[in-house]
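Good morning, and thank you for coming. Please look at the sequence and the structure on the screen while I speak.

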Amino acid sequence: MAEAKLAEKPVAATGAEVLTVKDLQAWYGESHILHGINFNVKAGEVVTLLGRNGAGKTTTLKSIMGVIGKRSGSIRFDNKEIIRSTSDKIARLGIAFCPEERGIFSSLDVRENLLLPPVVRPGGLPLDQIFTLFPNLKERLTSQGTKLSGGEQQMLAIARILRTGARFLMLDEPTEGLAPVIIQQIGHTIARLKSQGFTILLVEQNFRFASTVADRYYIVEHGKVIDGFANSELSANMDKLHTYLGV
Amino acid sequence: MQALYAQLLVGLINGSFYALLSLGLAVIFGMLNIINFAHGALYMMGAFVAYFLLNLGGINYWWALIIAPVVVGVFGMILERTMLQWLAGLDHLYGLLLTFGIALIVQGVFQNYFGSSGLPYSIPDQLKGGVNLGFMFLPIYRGWVVIFSLVVCLATWFLIEKTQLGAYLRAATENPTLVRAFGINVPRMITLTYGLGVGLAALAGVLSAPINQVRPLMGADLIIVVFAVVVIGGMGSIMGSIITGFALGVIEGLTKYFYPEASNTVVFVLMVVVLLVKPTGLTGRAA
């Protein structure tokens, strides 16, 4: 019952910081990508990292997930330091990751893809709720994962991490390359997840889309967070934003 | 005709060993990206474990079928933890050279103590004798090897293609980083996969002991043909390696009957043809 209550908990952020990133630096081999990232995410929020291509947004998500070999600084999740943890341990703390390339497995059918991520804690969405959110998937359960359309693959990539009980979702450019109607559906999904109490860290190039779902923004440039503001301060920051993003 | 059936049976027996060995190689290659040249030596170790169990411990064939794969599987997992794991991400050549070296060392040690001649291992009492099928005489032990191998191959196929554990395995073969980021301990899974693959080799070794005797170089002779089988079948597919294994055994058997001079080379001729026509192998997926 406690889980069900949690799931129906209404919108607003409770104020407690779930994720605190301090002076995060990361390297791909010899190249130094992140030069000291600082930001935080509070419970129940949708926070969006904005920035140009190559600014370090994806690397930030991957560093939090523990899939970047060399990283330093501090990442605290639920008051635990995870900068030295391996990615399987981090996932078991309740962080789920939906990668930019979606990561649908071609040797698995849709059902196997959906059931692949193990349940890490109770309180995940049951399958029937997932099929309400993404009715297309139910029709395609026996198809090869990569035979789905781009939009369906994105839905599958989001759907499979909702089952696991993780309450902190990291979505890397979920709208990239998708048709407007599907982008809208993903927007609705994110809004719905937020209303169910999920905390979401989003990376987006599509600023219009981000502005429909985000509570707060951070601007990433050259591997650093250079600015941040709430959605309510958006109009006041529009000019700055245009300069940052070059749009 | 009798001689044809006899050669077909020999072909099926050899095919059983090819299938069990190439299946293990395919699973290991998928997960570890290593061309396991130690496979023949581990097959030989399986036969020797059965021999030791019987002669030193009085433990019979049936127990050996269980114990030998476990013992050799654990030995394989130790190899993986102490050596192979450090090769992750490197070129195939490193894994090939390391496992080839391991094979030479293991075979050398056994040769040092047991020479090159075969040690006898007798057929268990329950499987002695034969039955007359009307068209041919079938030694029971040989029939058992074919059927048991087939069952083990199909069970392995089922495990990998139809279970949740198999789904983890297939997914980790494609994208280990992401599977780990879902909370699965992929390094442990890799170790267990290597254990499973070499366990299958050891099982083939036990099955082979009563037929081919127990010799330090029994695996070295076989493994070259098995690699040709793997090349023909294609590395990627589980069912492909099973079917190719049995099929090539039969083709070899038929060649022994119709044109014995070519029986030792037919597999390699086929390999060349397949490589020219379809370099990824008959069932292999493009890399």
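I begin with A:A230, which counts as exposed because it has 12 C-beta neighbours inside 10 Å. By the rule used here, a residue is buried if 20 or more other C-beta atoms lie within 10 Å of its own, exposed if 12 or fewer, and partly exposed in between, with C-beta atoms placed from the backbone.

This is a predicted model, in which local features need pLDDT of at least 70, side-chain atom pairs count only at pLDDT 80 or more, and totals for chains, interfaces and linings use all residues. Residues are numbered from 1 along each chain as its sequence is written, while chains are lettered from A and ligands numbered from 1 in the order in which they are written.

Let us stay with A:A230, which lies in strand β10 (residues 224-230) of chain A. Helices (H or I, at least four residues) and strands (E, at least two) are DSSP runs, numbered from the N terminus. Leaving aside its neighbours within four places in sequence, A:A230 is in contact with A:D215 and A:R216. Contact means that the C-beta atoms of two residues, placed from the backbone, lie within 7 Å. The C-alpha atom of A:A230 is separated by 9.1 Å from that of A:V47, although the two residues are 183 residues apart along the chain.

I turn now to chain A as a whole. Chain A has 10 helices and 10 strands. Its radius of gyration is 17 Å, close to the 18 Å that the globule rule gives for 247 residues, so chain A is as compact as a globular protein of that length. The radius is taken over C-alpha atoms, and the rule is 2.2 Å times the number of residues to the power 0.38. The C-alpha atoms of chain A fill a box of roughly 45 × 40 × 40 Å, taken along the principal axes. Of the 247 residues in chain A, 45% are buried. Among its contacts with a separation of 6 or more, 71% are between residues 24 or more positions apart.

Which residues of helix α7 of chain A are buried? They are A:E152, A:Q153, A:Q154, A:M155, A:L156, A:A157, A:I158, A:A159, A:R160, A:I161 and A:L162. Helix α7 (residues 150-162) of chain A reaches 19 Å from its first C-alpha to its last, close to the 18 Å expected at 1.5 Å a residue. The expected span is 1.5 Å times one less than the number of residues in the helix.

How confident is the predictor? Its confidence in each residue is the pLDDT, from 0 to 100. The mean pLDDT of chain A is 91, and 94% of its residues reach 70 or more. Over residues 1-12 of chain A, however, pLDDT stays under 50. Where pLDDT is low, the predicted coordinates should not be read in detail. For chain B the mean pLDDT is 93, and 98% of its residues reach 70 or more. The predictor gives the complex an ipTM of 0.89 and a pTM of 0.88.

Chain B comes next. Its secondary structure comes to 11 helices and 2 strands. Chain B has a radius of gyration of 19 Å, which agrees with the value near 19 Å for a compact globule with 287 residues. Buried residues make up 49% of the 287 residues in chain B.

One of these residues is B:A41, in helix α2 (residues 39-57) of chain B. B:A41 counts as buried because it has 30 C-beta neighbours inside 10 Å. Its contacts, leaving aside neighbours within four places in sequence, are B:I102, B:A103, B:V106, B:Q107 and B:G219. The C-alpha atoms of B:A41 and B:A103 are separated by 5.3 Å.

Finally, where do the chains meet? 14 residues of chain B are in contact with 18 residues of chain A. On the side of chain B that touches chain A, α6 (164-174) and α7 (176-181) of chain B are the elements that give two or more residues. By class, that side has 7 nonpolar, 4 polar and 3 charged residues. Here Ala, Val, Leu, Ile, Met, Phe, Trp, Tyr, Cys and Pro count as nonpolar, Asp, Glu, Lys and Arg as charged, and the others, Gly among them, as polar.

Conventions
pLDDT = per-residue confidence, 0-100.
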